[in-house]
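These are my notes from going through one model. I kept to what I looked up and left the rest out.

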Amino acid sequence: MKNLRALCIGLLSLLGAVHAADYVWIEGEAPDELPAALVGADGVDGVMGGKGYGMGGWGRTEIISGGQMLHLSWNAKQVDAYMPESGLVFGYNVDLMRSGEQHAWARIGWEWARSEFDWRLDDGQWQTVGPDVPTVNIQPIQTWNELAWLELGTVQAEKGKHRLQFRYRKVIAPDRNGKPVTQRILSGLDAVCITPDAFHPAGKWRPDEDHRNADDQAAVQAVFAAAAEPGPDGRAWTRLDGLWQYAPWEEERVAEEDRLLPVEKLDVDLGSLRWWAYRVPGRREQRLPEQVFAHRYLLRTRVRIPVEAAGRSVFLDVQRSSMLVSVFLNGVYCGNSDKAFLTAWQLDLTKAVRPGDVNDLVLVVKDAYYSLNPVGDASATELGNRRYWNLPGEHLRTNQGVASRMDWPVNRDPGSGIMEPASLVIAGPVYTTDVFVQPQVAKQQLALDLTVHNPTGASAAVEVRNRVVPWNGGKGGEVALTLPTATMQLAPGTTQSGNV
């Protein structure tokens, strides 16, 4: 029954994200109309089959819809020699399933480097799309070759047959010295989706396609069982190693005043998102390489917390993560990792815990790209931090100009996610969050700086006892030193430090 319930939850979640719709899906590499200037134009000395265009794929073809796309590459001399006044027009037959407003989306190539192009439905006005219009759902097929979705616009159209056209034409624009010159043609068209409903881009996947493999489905059903029995340290530790769920939750633009702030409100319908499996611990960039340009994303899992946790504290222990992680339990914001990236941190969850129930744990991750400060960069005047979203990860590490823009020093390791083990810990009502050891070898003395947290709603008088035992591979041994007992009086919901 438990597995059936989990499977139903997973199916409902998927249907919320990929419900069937009256959409039209078009493959860019299968036009019904080729430009007359290219048909039989064997004399064009282009890099794509001798014609300046091609239908194919390269790099990570598994993330290209159908494994192929339409791509064009003409240098300025070829544009001057062969571009007709009417431009290069590629046409696609469209059979709309419903009348009314239609949302037109295109999956296109080469973020920022692509050429200007026009599009229209039937004999409507040509609509121009410039190279600086930001896209969503960017995915790399290889370094500096990206595919991403762009909402072209909306049109009113009747059910039935139509013609969608894309046009590439000669463009004159100033070069770096201000001299007007012919621009090259560089463009890619992977797929088009026209739908009367909302469209949630997800790479090559069509709106009603199930993207999930066996791991993705297992992640939906996964529930960790938190231990109740305390260990030698008086706490019950549960490692959260294994399959979690992952979903991109991108921002269209990043407000500069919010760039380095944690996400404190989970204002998204989790059921509307597509979820993939993410194995913890591990770098998101290695686990899901096609997702490396999703710079804000969600990590989700479920934990059954025993009824014995009632009246005790519960916290999350993460040994290493990056960059900024916000934590929600059962929809309640519990706090964030702040600047503790690439090192261990803990966060109290007690206020949101439901003992004896399955608890929903969601982490919102902002990755290293959020550390890039756009202030003073002329190329980022309009786009802000969004300007950097397609930079290869290696570029963050090796380009000193990029590294100099980082507000947080993450350039040596721009990876993200839960990179070392995470655990759910059930402790006493009041617990020690940190012990800073201060040895003084010359005096043969040992001092401790203790931090104690009281997450309860009542004042607490506590005694803290400390002993030194051998590590012995984690097995411990005879007590080598017993330190004086520390006493503390903690108000409700407070943290206090003291010395021993």
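Which strand gives the largest share of the lining of the largest pocket? I looked it up: β25 does, with six residues. The model is predicted, and I kept that in mind for each entry below.

**Pocket.** I noted a volume of about 1,300 Å³ for the largest pocket. Its lining has 31 residues, and P232, D233, G234, R235 and R465 are the closest to the centre. Besides β25 (431–440), I listed β26 (445–454), β27 (460–464) and β28 (467–468) as strands that each supply at least two lining residues.

**Confidence.** I checked pLDDT next. The chain average is 91, and 93% of the residues score at least 70. Residues 1–19 are below 50, and the model gives this stretch 32 contacts beyond near neighbours in sequence. I found a further stretch under 50 at residues 41–49, with 19 contacts beyond four places in sequence. Where pLDDT is low, predicted coordinates should not be read in detail, so I took nothing further from such stretches.

**Whole chain.** I counted six helices and 31 strands in the secondary structure. The C-alpha atoms fill a box of roughly 90 × 60 × 35 Å along the principal axes. Of the 500 residues, 51% are buried. Among contacts with a separation of 6 or more, 74% join residues 24 or more positions apart.

**Cores.** I then turned to the nonpolar residues. The largest nonpolar core has 37 residues, and W244, L299, L316, V327, L363 and I418 touch the most other members. Elements that give two or more residues to this core include β16 (242–248), β19 (313–322), β20 (324–329) and β24 (417–427). I followed L363 and found contacts, beyond four places in sequence, with residues including W244, L299, L316, V327 and I418. L363 also contacts Y297, L298, V325 and S326. A second, separate core has 31 residues, L38, W74, V192 and I194 among them.

**T350.** Is T350 buried or exposed? I have T350 down as buried, because its relative accessible area is 19% and the cut-off for buried is under 20%. T350 lies in the loop between β22 (345–348) and β23 (357–366). Its side chain reaches the backbone nitrogen of V314 at 3.0 Å. Not counting residues up to four places away in sequence, I listed R312, S313, V314 and P455 as the residues that T350 touches.

Definitions and conventions
Residues numbered from 1 in each chain as written. Predicted model: local features only at pLDDT ≥ 70, side-chain atom pairs only at ≥ 80, totals over all residues. Heavy atoms only, no water. pLDDT = per-residue confidence, 0-100. Contact = heavy atoms within 4.5 Å. Helix = DSSP H or I, 4+ residues; strand = E, 2+ residues; numbered from the N terminus. Buried < 20%, exposed > 50% of the residue type's maximum accessible area, 1.4 Å probe, protein only. Polar contact = N/O pair within 3.5 Å; in protein donor to acceptor, adjacent residues only side chain to side chain. Core = buried A, V, L, I, M, F, W, Y, C linked by side-chain atoms within 4.5 Å. 1 Å grid on protein atoms, 1.4 Å probe; cavity = no way out; pocket = protein on both sides within 12 Å on 5 of 7 lines; lining within 4 Å. Points joined across faces, edges and corners; volume = space filled by probe spheres on them.
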